[in-house]
Amino acid sequence: MSLNRRKFLKKSAVTGAGVAIAGAAAAPSAQAAVAKPGKPGEQPKRYALTVMGTTDLHGHVFNWDYFKDAEYKDAAGNAQGLARISTLVNRIRAEKGRENTLLLDAGDTIQGTPLTYYYAKVDPITAKGGPVHPMAQAMNAIGYDAAALGNHEFNYGIETLRKFESQLRFPLLGANAVDAKTLRPAFQPYVIKTFCVKGAPPVKVAVLGLTNPGIAIWDKAYVQGKLAFPGLEEQAAKWVPRLKSLGADVVIVSAHSGSSGTSSYGDQLPYVENSAALVAQQVPDIDAVLVGHAHVEIPELRVVNAKTGKTVVLSEPLAYAERLSVFDVELVFEKGRWSVESVSSKVLNSNSVADDPKITKLLGDEHAKVVAYVNQVVGSATETLTTVEARFKDAPIIDLITKVQEDVVKAALAGTSYASLPVIAQASPFSRTSEIPAGEVTIRDLSSLYVYDNTLVAKLMTGAQVRAYLEYSAEYFVQTAAGAVVDTEKLTNAAGRPDYNYDYVSGLAYDIDIAQAAGSRIRNLTYNGAALDDAQQFVLAVNNYRANGGGAFPHVASAQELWAESTEIRTRISEWVTAKGVLDPKDFASVDWKLTREGVPVF
């Protein structure tokens, strides 16, 4: 589709940058700005601004687990959902005066739950006369001022994203989401809010939105040739001076980028994935950064800017609306201008409040539709299947994923010159709690197994490349000496690697010797009972995240693509089970790999 840079580009004559500037807030409450006691002019005027922030909402409106068909619960006692956040926001606005607050989000909004899937695919917002997205309804009702683009905003394609954007009553910001041809902003880069102060000039607060460069890899199928995503530091260095020249007294960055300085995609991109702290360190004149993407809780992180020595405050409110970041910004008016005197931040826990009944009433019908949808029965299982041990044992429930992927790819390649090649498949243990119970199997049971909206790709790989792929995957395990006690809680996630970056590969047999150093762990690798031939060609059925380089697995991103589709793997699993009617492990389960230490099985 042709990228529409929207009405904000038409205002370039005003700003010189093609950016709309949002209007003024209402008159402040009595507590917003006051002159301290003393003679006129003796004490400077002050203003207190409160900036609230969420991130990585991933479609969580209510404290509800659609996969378990029950209220969400975890061991830490967390609660989820925008309905809870709304209550916290209302409380802060009542305390501070709504006109002295901003509410921001740092991205990843329209993907992540059956609720968001339903309104992207089952009852899509893009249909003629289609519904308003529940996340748009909720965020509009709560009164967000701006949100940054997340990488998962692109999962359903640009058309869905643009429709969602059009349904929002606040701007969706992405200064580093640019038109691939013109390199001009494809989304609004920033917004400036003006706050009135009695007896003093207004305070101008600029919010710069930055998104993740990894979109170019993870959603390559949708964005290649249309959008480009340069680095956050580079774009912040370009835009922040412009914001200051437009009179911004406060600069807030909403960044869908973690603070660790690391990247999951290795050197495939010249830009850092988690660069929020680098932005604060390298780019002068930023006062605070709302951090997203990493799904961690950071009440307050102070970073010193290398050029000015000024401290920049960062905060990340975990994910799924479990926390709300709150920045308190204190300004003082001296020598004819406002300056930031101090910034502090904290996070509030949404488990401390109840749902806002306004949000419950607003979206009760949409919620009920999705509950009914996910509880549809599609088949029956002969026994209970679970992912509890899937990280360290070859579990039949993961074999179900690889079997479905093998079957889909074999059917797709039938009649082509690649039809005679063996098909192997990749899958990861996404969830540690997924269970398909014996008896009736529902859409929600299968959805809990495959929580991402990944699609399927067929790649041409050699035996040598597959061997390297498996070695890289095996780095997931912590090196454990032959005589050492095995603690399964400490056996995985070496160097912080997440579960979704550990892959099974079906159709082969192999041992993973965890007593060995990373890079030398794959042993007894065979195909059809014989040692793997490095020159043998295989078709690897792989999800699009991995196929595009997600996780930085070797060879797969550069391998020849033979076929790809836009139907979600989750949907393919449901179709497979529906067609079979009965889910019986004998139809898909196989023991392909095991953990060993010097030849002795660990389990």
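This is a predicted model: local features need pLDDT of at least 70, side-chain atom pairs count only at pLDDT 80 or more; totals for chains, interfaces and linings use all residues.
User: Which strands make up the open sheet, and in what order?

Analyst: Strands (E, at least two residues) and helices (H or I, at least four residues) are DSSP runs, numbered from the N terminus. Two strands pair if DSSP finds at least two bridges between them. Here, an open sheet of three strands runs in the order β21-β17-β29, and its pairing is mixed. Because β21 (439-442) and β29 (582-583) each have a single partner strand, they stand at the edges, and one side of each lacks a neighbour in the sheet.

User: How many bridges join β17 and β21, and in which sense do they pair?

Analyst: Strand β17 (residues 377-381) pairs with β21 in the antiparallel sense, over four bridges. As one instance, Ala381 has Gly439 in β21 as its bridge partner.

User: What is a salt bridge, and how many are counted here?

Analyst: Side chains of opposite charge can pair when their charged atoms come close. The rule requires a side-chain nitrogen of Lys or Arg within 4 Å of a carboxyl oxygen of Asp or Glu. By this rule the count is 22 salt bridges. Some are linked: Glu95, Lys96 and Asp328 form a network of salt bridges.

User: Where in the structure do Asp407 and Lys403 lie?

Analyst: Both residues belong to helix α11 (residues 396-413) and are four residues apart, about one turn of the helix.

User: Are Asp445 and Arg444 buried or exposed?

Analyst: Buried means under 20% relative accessible area, exposed means over 50%, and partly exposed lies in between (1.4 Å probe, protein chains only). Asp445 is buried at 6%, and Arg444 is buried at 17%. These two residues form a salt bridge, with the closest N and O atoms 3.8 Å apart.

User: What are the relative accessible areas of Asp407 and Lys403?

Analyst: Asp407 has 24% and is partly exposed; Lys403 has 22% and is also partly exposed. A further salt bridge joins Glu389 and Lys393, with 3.4 Å between the closest N and O atoms. Glu389 is partly exposed at 39%, as is Lys393 at 30%.

Terms used:
Residues are numbered from 1 along each chain as its sequence is written. Side-chain values use heavy atoms; hydrogens and water are left out.
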